[in-house]
Amino acid sequence: MSSANVTVPQFGGIPPFPTNVPTHPLLVIDYELLKRHDEKEIERLWEAGTKLGFWYLKNHGAEKEVDGMFEMGKETMSLPLEEKMKYEQGDSGRSFGYKAAGANAVDAYGTLDTVEFLNVSKDDVLSYPTPTNRTYPLTVNARMEGTIRPFIQKSSQVNNTILEVFNDKLGLPKGTLLGRHRGDERSGSETRVIKSPPLKNSNDATNGNTNREKEKGDVRQAIGAHTDFGSLSFLHNRLGGLQVLVPGCEEWQYVKPIPGHAICNIGDAIALFSGGILRSNLHRVVPPPGAQGDYERWSLVFFTRPGNSVILRALVEDSEMVRNAVNRATAKANGNGKETTVPQKAPVTFETGSTAEEWFARRVRNQRINNRTGPETWIASRGTEQIEV
Ligand SMILES: O=C(O)CCC(=O)C(=O)O
Ligand SMILES: [Fe+2]
């Protein structure tokens, strides 16, 4: 049997992730140990959060719910496009609902994305059958209580446990980070199911706008380079395609999916709250590598985001560590007091002046291809990628 025919049993008969592509190993964090406040595990999570902002999470206990969510995703994406479009997220910066393939840009040139996804608001799930924000297709409603609610509850629990670890390591008073994610305030927290077409179809998925990539010698992007908008992301995928840009490296590297392991990462809100100590790292999605490219790619995320009214800024009054980090970043941007003829970098700003709701809407709105006027629209969609520590 050739190696291309060997499949991964836990991943439902798909070819294995190839060994000959640049791949970045992530630290594996054991959720069971975190829950028991194991000091070594907390140290390893801190290392993952401060160096790359990405890690694997094992023993998270949500596998059954994840499988149910993929089923819900398949049922929903199989609906006629016309039906899905009744629930489209629109161009005003709202995220909840359906996003068709090709509705977002993946770069400053306005190249179109190839993925379709469905975002379901945490608040809508918890208030179901009364909508908080909007309604969803029947395939979603049918799974609200049996599948989506348990998934959201488990995922929130996982992310909240991690928030508490970071809270304490940052020297913040107990409950400071959780207090910015209160259950009684509406938020942008949501779950997302993503479907990417197989490589051979990804060109016609969006009327084949690949010429620009061919000219640039770049790969086709399913989701363009981005930092996540919120606090913490709890991600489940089966096929490769997720890539990270590791600090100090020029080449994008794959993150290999491992059965039973979620991939977790930090978003802009936590990078800002922590004065850049915790990292919201750039990542993107490209077609799965090697023989995996012949398959449809599915992924699932739960995004924890701050309450809508929370101002995104470094928590300098609450933590000496955060205060020192902001002072260091400011001094560095100003050339550390040295006389220099080299133009100074724009100072890193941890005072966004923006609520979580505004930050999120700005980023969503400026990714939408219908809102594009030129490269400035892409720039206006950016997050915390300018933060260097
Ligand atoms: O599909 C993936 O593996 C990652 C998706 C992602 O980065 C996102 O939806 O923000
Ligand atoms: Fe992401």
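**Stop one: the ligand and its cavity**

Start by selecting ligand 1, which sits in the largest cavity. A cavity here is a set of points, on a 1 Å grid over the protein atoms alone, where a 1.4 Å probe fits but cannot get out; "sits in" asks that more than half of the molecule's atoms lie within 2 Å of the grid points.

Before you go on: this is a predicted model, with local features needing pLDDT of at least 70 and side-chain atom pairs pLDDT 80 or more, while totals for chains, interfaces and linings use all residues. Residues are numbered from 1 along each chain as written, chains are lettered from A and ligands numbered from 1 in written order, and side-chain values use heavy atoms, without hydrogens or water.

Now show the shell around ligand 1 (a heavy atom within 4 Å): among its residues are Ile194, Leu235, Asn237, Val285 and Phe303. The shell splits into 5 nonpolar, 4 polar and 3 charged residues; Ala, Val, Leu, Ile, Met, Phe, Trp, Tyr, Cys and Pro count as nonpolar, Asp, Glu, Lys and Arg as charged, and the others, Gly among them, as polar. Color strand 12 (297-304), which gives the most to this shell, with 3 residues. Strands are DSSP E runs of at least two residues, helices H or I runs of at least four, numbered from the N terminus.

**Stop two: polar contacts**

Which side chains put an N or O atom by a ligand oxygen (pairs within 3.5 Å)? Pick Arg297, at 2.8 Å from an oxygen of ligand 1, then Arg192, at 3.0 Å, and Asp228, at 3.2 Å. The protein covers 97% of the 300 Å² of accessible area that ligand 1 has on its own (Shrake-Rupley, 1.4 Å probe).

**Stop three: the iron**

Select ligand 2, the iron ion: its protein donors are His226 (NE2), Asp228 (OD) and His283 (NE2), 2.1 to 2.2 Å away. Donors are N, O and S atoms within 2.8 Å of the metal (3.2 Å for Na, K and Ca). Their spacing along the chain is H-x1-D-x54-H. His226 in strand 6 (residues 223-226) and His283 in strand 11 are 57 residues apart.

Zoom to Tyr128 and Pro129, joined by a cis peptide bond with omega of about 10°. Then jump to His37, in the loop between helix 1 (31-35) and helix 2 (39-51), where phi is positive, about 60°. Most residues other than glycine have a negative phi, and most peptide bonds are trans.

Definitions and conventions. Polar contact = N/O pair within 3.5 Å; in protein donor to acceptor, adjacent residues only side chain to side chain. 1 Å grid on protein atoms, 1.4 Å probe; cavity = no way out; pocket = protein on both sides within 12 Å on 5 of 7 lines; lining within 4 Å.
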